[in-house]
Amino acid sequence: MLSERQNELVKATVPVLKENGEALTDYFYKRMLKNNPHLKETFNMGHQRSGAQAKALAGAVLAYAENIDDPSVLMPVVELICHKHVSLNIQAPDYNIVGENLLHSISEVLNIPMDDELITAWGVAYQQLADIFIATEKQLYEERKNTIGSWTGWRNFIVDKKIKESEEITSFYLVPQDGGPLPAYKPGQYITLRVEVAALGIKQPRQYSLSSSPSDPYLRISVKREDARTEGQDPGYVSSTLHDAINEGSVVELSAPAGNFYLLNPDAVNVLISAGVGLTPMISMVNHLLAEHADPNVNPALHEENHASNTAYRTLKKDIYFIHAARSSEVHALRKELENLASQNDNLHVFIAYENVKESEVAGKDYHMQGRLDLKALPGGYLPKQADYYLCGPVPFMQEQYRALIALGIPQEKIYSEAFGTGGLHL
């Protein structure tokens, strides 16, 4: 445990971390990956290239220093990060590598001798945090070992189908190469996929939300191709590989489903608000709810034969409101699947906002709002007070919709979110 003196030393570094945090963490990652090149297959090199991972780590180290008196307030973030760590198969000895390089980075960037009491204090503080992570991750690994169909580490999957869903998004239907069972994951969770990236000459991991239902005999991911639309932005290593080089019959590596963003109460009224590829976990939730409420008197072979389009036998106990924003219909993935589900289920209500519409597209039929999604302008009934709310999409979108919901009187404790992209601390 930290002594009172060590505690004060850590808190005294807060101003330094605010000013130099990103420079420190950028140096740390470069130092660690140079000394431990095998970790390049664990860390996302795209996030290293963009600086996103260094920024996330800097924010997390600062938050830890600011809350060193009571680290328990960070537990919700710790839980999120632990799911990511387990999905990447990070083990307890890896924390020794991280700790050694972090302390040396503090020493070298801030020009402080390694035997200085500040370095010692941060060593104790780091170990205190590492012990929390290791204990939490041990529980998650045990859950995987005790779950039928689940696994630890990497498992080979075959691409059974590859289907283009929009101009940007393609779905991959994945089945275990070993022919074994799949785990009953929670709708909204993600898998980590790892493939060989030719441009780097190494394997790279990437998390993708599952867009399938836990009752399906496959795992489906719907992947947006991250290209260079923005000047100075490089194509995504893994998404480009999937779109260009991975085809039906290809083999990829997956870790078991993980994540703490998932459907909490199937018997509640659920409002799902997404943007872009953020609709993938929401599609999983909808399909799960429909499968849960399927009519047992209908021939189950019909479900097996055509899960997505034959939905007449399904009825919902509670309303679902599916609110989605996209730049246009060309980039709106899984639209036909959602339309089929809604056409056969009166309790599934769909609202679509397109920033750009074609002259041939009809308001009220092809879309419901032109321009950016404005929750305050939605028709009455789409945002019930007694409901659970789920948000998923780019960070600015998430922030905007969260503020709108709060302004509309939705209780904060009823809003659950999953931001796509790099977030939190990745040890």
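In the predicted model, the axes of helix α9 (residues 280–292) and helix α11 (residues 335–343) come within 12 Å and cross at roughly 30°. Angles under 35 degrees count as roughly parallel, and α9 is therefore roughly parallel to α11. The crossing in which α9 passes α11 is left-handed. On the α9 side the contact is made by Ile-283, Val-286, Asn-287 and Leu-290, and on the α11 side by Glu-337, Leu-338 and Leu-341. By class, five residues of this contact are nonpolar, one is polar and one is charged.

Helix α5 covers residues 75–87, and helix α7 covers residues 117–145. The two pack with their axes 9 Å apart, at an angle of about 55°. This angle makes α5 oblique to α7. The crossing of α5 and α7 is right-handed. From α5, the residues Met-75, Val-78, Ile-81, Cys-82, His-83, His-85, Val-86 and Ser-87 take part in the contact. Their partners in α7 are Ile-132, Phe-133, Thr-136, Glu-137, Leu-140, Tyr-141 and Arg-144. The contact of α5 with α7 divides into nine nonpolar, four polar and two charged residues.

The crossing in which α2 passes α4 is right-handed. In α2, the contact residues are Val-14, Leu-17, Lys-18, Gly-21, Glu-22, Thr-25, Asp-26, Phe-28 and Tyr-29. In α4, they are Gln-53, Ala-54, Lys-55, Leu-57, Ala-58, Val-61, Leu-62, Ala-65 and Glu-66. Of the residues in the contact of α2 with α4, 10 are nonpolar, three are polar and five are charged.

The model was also examined for cavities. Two cavities of 30 Å³ or more were counted. The second largest cavity has a volume of about 50 Å³. Its lining is made up of Leu-80, His-83, Lys-84, Tyr-190, Gly-259, Asn-260 and Glu-418. Helix α5 supplies the largest share of this lining, with three residues. By class, the lining of the second largest cavity has two nonpolar, three polar and two charged residues.

Methods
Residues numbered from 1 in each chain as written. Predicted model: local features only at pLDDT ≥ 70, side-chain atom pairs only at ≥ 80, totals over all residues. Heavy atoms only, no water. 1 Å grid on protein atoms, 1.4 Å probe; cavity = no way out; pocket = protein on both sides within 12 Å on 5 of 7 lines; lining within 4 Å. Points joined across faces, edges and corners; volume = space filled by probe spheres on them. Helix = DSSP H or I, 4+ residues; strand = E, 2+ residues; numbered from the N terminus. Nonpolar A, V, L, I, M, F, W, Y, C, P; charged D, E, K, R; others polar. Axes fitted to C-alpha atoms, helices over the stretch in contact; angles between N-to-C directions. Parallel < 35°, antiparallel > 145°, perpendicular 65-115°, else oblique. Left-handed = near helix turned anticlockwise from the far one by under 90°. Contact = heavy atoms within 4.5 Å.
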